[in-house]
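Let's take a friendly tour of a protein model. Have a look at the sequence and the structure, then read on.

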Amino acid sequence: MTEIVLIRHGETDWNAERRLQGHLDIPLNAQGMRQARAVGRALRHETIDAIISSDLQRALHTAQAIAAGRNMQVQTDAGLRERSYGAFEGLRYADISERYPDAYATWQAREIDARFPPGANAGETLREFATRALGTVAALAMSHQMRRIAVVSHGGVLECLYRQANRIDWAAPRNFEIRNAGINRLRWHGAAFQVVQWSDTAHLSEAALDEIDKS
């Protein structure tokens, strides 16, 4: 069994603007940096045997805040990246619906094999993305058996893991939270993921963040 402490990166300006990031490499904003430090503080007394992050800076900088003070190096894995959204990347949700109404409709319907128009990056279908994301985390879990690892990734990757663990159909509307810098806990039993705790955000209260600012 492998325990996985699963964390979505801290906030970026594009998160706040509801602008789609995908594979574009957007940095944390000031709030996101506070959130990253808060995650590191919340986990400071836990034994963590490895910290693995997406190679995009919003995830990597969040992971580095967890590694701070542990004398550990963050490992990166491009397989933990967010879904590539093709031409949607860099646009606000409202802009996507106006520019690409048909493709937007297939996205909102969660059609598993729909492909978005190409942009700076080629888009991934939901099936391709889920296969990549789930395969990457499963491989990491198998390589760290009987240990606890921290995995820092993106909202789409977290959604894939939650859906698979809870056997939620890909087409079903999302009815669970995926908060920036929330702490989620899973177990890998060799063939499947199990959610132990989801969306712990106690460390992100204003009082907790105020303590971060003072430290």
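What follows is about the spaces in this model and its salt bridges.

## Ground rules

This is a predicted model, where local features need pLDDT of at least 70 and side-chain atom pairs count only at pLDDT 80 or more, while totals for chains, interfaces and linings use all residues. Residues are numbered from 1 along each chain as its sequence is written, and side-chain values use heavy atoms, with hydrogens and water left out.

## The open space

Let's begin with the largest pocket, whose volume is about 890 Å³. Of the 34 residues lining this pocket, Y85, Y93, W107, E159 and R174 sit closest to its centre. (On a 1 Å grid over the protein atoms alone, a pocket is an open set of points with protein on both sides within 12 Å along at least five of seven lines; a cavity is a set where a 1.4 Å probe fits but cannot get out; lining residues have an atom within 4 Å of a point. Points are joined across faces, edges and corners, and a volume is the space filled by probe spheres set on them.)

Which helix gives the most to the pocket lining? That's α7, with five residues. (Helices are DSSP runs of H or I with at least four residues, strands are runs of E with at least two, and both are numbered from the N terminus.) The pocket lining splits into 14 nonpolar, nine polar and 11 charged residues. (Ala, Val, Leu, Ile, Met, Phe, Trp, Tyr, Cys and Pro count as nonpolar, Asp, Glu, Lys and Arg as charged, and the others, Gly among them, as polar.)

Residues lining the largest cavity include R83, W107, R110 and F116. By type, its lining has four nonpolar, one polar and three charged residues.

## Charged pairs

The structure has 14 salt bridges (a side-chain nitrogen of Lys or Arg within 4 Å of a carboxyl oxygen of Asp or Glu). In one of them, R148 pairs with E3, with the closest N and O atoms 3.2 Å apart. R148 lies in strand β4 and E3 in strand β1, so the pair ties together parts 145 residues apart in sequence. R148 is partly exposed at 22% relative accessible area (buried is under 20%, exposed over 50%, partly exposed in between, with a 1.4 Å probe and protein chains only).

R127 and D113 also meet in a salt bridge, at 2.8 Å from N to O. R127 is in helix α6, and D113 is in the loop between α5 and α6.
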